[in-house]
Amino acid sequence: MSIVVIYGSTRPDGNTEQLTKYAIEGLEVEQIYLRDYKIEPIEDRRHSEGGFSDVDDDYNGIVERMMKHDTFIFATPIYWYSMTGTMKNFIDRWSHTMRDEKFPGFKDRLGTKKAYVIAVGGDNPHVKGLPLIQQFNYIFEFMSISFEGYVLGKASRPGDISADSRAHSAATAMNQKLKE
């Protein structure tokens with residue numbers, strides 16, 4: 001099994017990244033930090049005669065790297081009860097990729113993958129983070145990706161995640177599951 005972590009945070013070494021490190025400790029993973037790449041928002045051309053146009057950004061390269069793996073971990077801070085805009089742009093672009101000849105069978109290939117979510121928020125994330133988890137669940141269901149689990153952490157200020165023993169315990173459990 002090969003694993004890729006896709007980070008949606010804009011802050012290096014933030015709480016989400018720190019919690020994710022617990023979940024992947026001792027595992028060989030590829031880490032993709034979306035903040036390090038240019039990903040243009042989707043221009044929805046699904047119903048246009050010419051369809052989608054090529055976009056001059058880093059998105060296709062990220063998808064190529066992602067698709068080499070069996071298991072995805074999407075790690076994002078909770079922004080306004082959802083994923084970050086950076087992560088959302090990336091996933092929105094899947095609509096283009098499903099119709100892109102450069103990625104034949106993209107949706108079918110995603111259907112062979114497993115996914116996890118790690119998310120951190122400051123305002124009661126174990127309740128208010130659930131819409132984010134439901135959003136990922138619907139995305140994974142649509143793409144036939146097997147949703148294997150999630151970890152929610154509570155942190156507001158840099159470093160606060162170190163005090164969330166509940167999140168650390170859940171990340172350790174995820175780590176054990178990933179090692180099986």
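Student: In which strand is tyrosine 150 found?

Tutor: Please keep in mind that this is a predicted model. Tyrosine 150 belongs to strand β5, which spans residues 146-154.

Student: Is tyrosine 150 buried, partly exposed or exposed?

Tutor: The class follows from the relative accessible area: under 20% is buried, over 50% is exposed, and partly exposed lies in between. Tyrosine 150 has 40% relative accessibility, so it counts as partly exposed.

Student: Which residues does tyrosine 150 touch, not counting those up to four places away in sequence?

Tutor: Tyrosine 150 touches Val117, Leu130, Ile133 and Met174.

Student: What is the secondary structure of the chain as a whole?

Tutor: The chain has eight helices and five strands. Along the sequence they follow the pattern β-α-β-α-β-α-α-α-β-α-α-β-α.

Student: What share of the residues is buried, and what share of the contacts joins residues 24 or more positions apart?

Tutor: Buried residues make up 45% of the 180 residues. Among contacts with a separation of 6 or more, 77% join residues 24 or more positions apart. As for the surface, the chain exposes about 9200 Å², and carbon and sulfur atoms supply 46% of that area.

Student: How many aromatic pairs does the structure hold?

Tutor: A pair of aromatic rings is described by the distance of the centres and the angle of the planes. The structure holds twelve aromatic pairs. One of them joins phenylalanine 136 and phenylalanine 140, with 5.5 Å from centre to centre and 35° between the planes, a tilted arrangement.

Student: Where do phenylalanine 136 and phenylalanine 140 lie?

Tutor: Both residues lie in helix α7 (residues 130-143), four residues apart, which is about one turn of the helix. Phenylalanine 136 is at 0% relative accessibility and therefore counts as buried. Phenylalanine 140 is also at 0%, so it too counts as buried.

Student: Which residues form one aromatic cluster?

Tutor: The cluster consists of Tyr59, Phe72, Phe74, Phe90, Trp94, Phe103, Phe106, Phe136, Phe140, Phe147 and Tyr150. A ring may also have a charge over it. The charged end of arginine 93 sits over the ring of tyrosine 59, 4.4 Å from the ring centre. Likewise, the charged end of lysine 107 sits over the ring of phenylalanine 142, 3.9 Å from the ring centre.

Student: Which residues of helix α3 are buried?

Tutor: In α3 (residues 85-92), the buried residues are Met87, Phe90 and Ile91. Because they cover an arc of only 95° around the axis, they are on the same side of α3. These buried residues pack against β1 (3-7), α2 (59-67), β3, α4 (94-97) and α7.

Student: What does leucine 132 touch, not counting residues up to four places away in sequence?

Tutor: Leucine 132, in helix α7, touches Thr76, Ile78, Tyr81, Ser82, Met83 and Ala119. With 0% relative accessibility, leucine 132 counts as buried.

Student: Which residue other than glycine has a phi near 70°?

Tutor: Tyrosine 81 has a positive phi near 70° and is placed in the loop between β3 and α3. At 40% relative accessibility, tyrosine 81 counts as partly exposed. Serine 144 has a positive phi near 60° and is found in the loop between α7 and β5. Serine 144 has a relative accessible area of 47%, so it is partly exposed.

Notes. Residues numbered from 1 in each chain as written. Predicted model: local features only at pLDDT ≥ 70, side-chain atom pairs only at ≥ 80, totals over all residues. Heavy atoms only, no water. Phe/Tyr/Trp six-rings, centres within 6.5 Å; stacked < 30°, edge-to-face > 60°. Helix = DSSP H or I, 4+ residues; strand = E, 2+ residues; numbered from the N terminus. Buried < 20%, exposed > 50% of the residue type's maximum accessible area, 1.4 Å probe, protein only. Lys NZ or Arg CZ within 6 Å of the ring centre and 35° of its normal. Contact = heavy atoms within 4.5 Å. Areas by Shrake-Rupley, 256 points an atom, 1.4 Å probe, with all protein chains shown as cover. Arc of directions from axis to C-beta.
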